[in-house]
Amino acid sequence: MFDEGYLPSEDTVMKYIVRELSDYRVEHCLGVARVAGELCYLAEVPEALGRMAGLLHDHMREVPDGELLAIARNLGITVGPMEEAHPVLLHAVVGAELLEDKFGIRNPDVTQAVRTHTTGGPDMGLLARIIYIADAVEPTRNYPEARGLRDLAYDDLNAGFRECVKAHLRHLVKRERAFHPDTVACWNQLLSE
Ligand SMILES: [Fe+2]
Ligand SMILES: [Fe+2]
């Protein structure tokens, strides 16, 4: 079911993220890789896929807004009103789009996981769900619900995913922020599962 295909070595990827990202974000990526690897093990998904997607999910996260917008437009990525207002959202879709050029990764599960890790999206596969959860609950995340969500996900992946999406929606409501269309699609689809 899961084809690892070509993956670069973790060493190569680590050198890249250490060079491009701040220390705390490198810690975050290592945390996501670790949690994703463990969730993959529990879900019988190749751990190498979870670790690789975890290490790389934020590889474009520290690119300045203007540059991110320019790269997105260059790649023909649709820049909606929400991305105009919050260009940082583009780090996920741009990051996914550049996986092949930058790292030689064509694995569709890894690509989907990177693309959907911030907003969620419709039709998220197992690996995408794992990365979404791991991004929300890795050990450096210290908001009050994080630990409970992590425990739940280790127990029941889909229940954990659903609760992580709900926590994200609550967070947006609390801060009076708009729901991204992909987040709405993700939630609506979850309700029919
Ligand atoms: Fe991110
Ligand atoms: Fe992240």
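# Reading helices and loops in a predicted model

Q: What length should helix α2 span, at 1.5 Å a residue?

A: This is a predicted model. Helix α2 covers residues 23-43, which is 21 residues. At 1.5 Å a residue, α2 should span 30 Å. Its end C-alpha atoms are 30 Å apart, so the two values agree.

Q: Which residues of α2 are buried?

A: Start with the general idea. An α-helix has 3.6 residues a turn, so residues three or four places apart point the same way. Now the case here. The buried residues of α2 are H28, C29, V32, A33, V35, A36, G37, L39 and C40.

Q: Which helices do those buried residues pack against?

A: They pack against α1 (10-20), α3 (47-56), α9 (126-137), α10 (146-155) and α11 (157-174).

Q: What comes just after α2?

A: First, the general rule. Most residues other than glycine have a negative phi. Just after α2, E44 takes a positive phi of about 60°, although E44 is not a glycine. E44 lies in the loop between α2 and α3.

Q: Is E44 buried or exposed?

A: Count the C-beta neighbours. E44 has 10 of them inside 10 Å, so E44 counts as exposed.

Q: What phi does D123 have, and where does D123 lie?

A: D123 has a positive phi of about 55°, and is not a glycine. D123 sits in the loop between α8 (108-116) and α9. With 10 C-beta neighbours inside 10 Å, D123 counts as exposed.

Q: How do I read α9, starting with the span of its 12 residues?

A: Use the rule of 1.5 Å a residue: α9 should span 16 Å. The end C-alpha atoms of α9 are 16 Å apart, which agrees. Then look at burial. In α9, 12 of the 12 residues are buried, so α9 is largely enclosed by the rest of the structure. Among them are L126, R129, I130, Y132, D135 and V137.

Q: Which helices do the buried residues of α9 pack against?

A: They pack against α2, α3, α8, α10 and α11.

Q: At what angle do α8 and α9 pack?

A: A helix pair is read from its angle, its axis distance and its handedness. Here the angle is about 40°, with the axes of α8 and α9 8 Å apart. The crossing of α8 past α9 is right-handed. On the α8 side, D109, V110, Q112, A113 and T116 make the contact.

Q: What does A128 touch, not counting residues up to four places away in sequence?

A: A128 touches Q112, A113 and T116. A128 lies in helix α9. A128 is buried, because 24 other C-beta atoms lie within 10 Å, and 20 or more count as buried. The C-alpha atoms of A128 and I17 are separated by 20 Å, and these residues are 111 residues apart along the chain.

Q: How do the axes of α10 and α11 cross?

A: They cross at roughly 150° and come within 6 Å. An angle over 145 degrees counts as roughly antiparallel. The two helices α10 and α11 are therefore roughly antiparallel to each other. The crossing of α10 and α11 is left-handed. The contact is made by L149, L152 and A153 of α10, with L157, A159, G160, E163, C164 and A167 of α11. By class, the contact of α10 with α11 has 7 nonpolar, 1 polar and 1 charged residues.

How values were computed: Residues are numbered from 1 along each chain as its sequence is written. Chains are lettered from A and ligands numbered from 1 in the order in which they are written. This is a predicted model: local features need pLDDT of at least 70, side-chain atom pairs count only at pLDDT 80 or more; totals for chains, interfaces and linings use all residues. Helices (H or I, at least four residues) and strands (E, at least two) are DSSP runs, numbered from the N terminus. The expected span of a helix is 1.5 Å times one less than its number of residues. Two residues are in contact if their C-beta atoms, placed from the backbone, lie within 7 Å. Axes are lines fitted to C-alpha atoms, for helices over the stretch in contact, and angles run from 0 to 180 degrees between N-to-C directions. A crossing is left-handed if the near helix is turned anticlockwise from the far one by less than a right angle, and right-handed if clockwise. Angles under 35 degrees count as roughly parallel, over 145 as roughly antiparallel, 65 to 115 as roughly perpendicular and the rest as oblique. Ala, Val, Leu, Ile, Met, Phe, Trp, Tyr, Cys and Pro count as nonpolar, Asp, Glu, Lys and Arg as charged, and the others, Gly among them, as polar.
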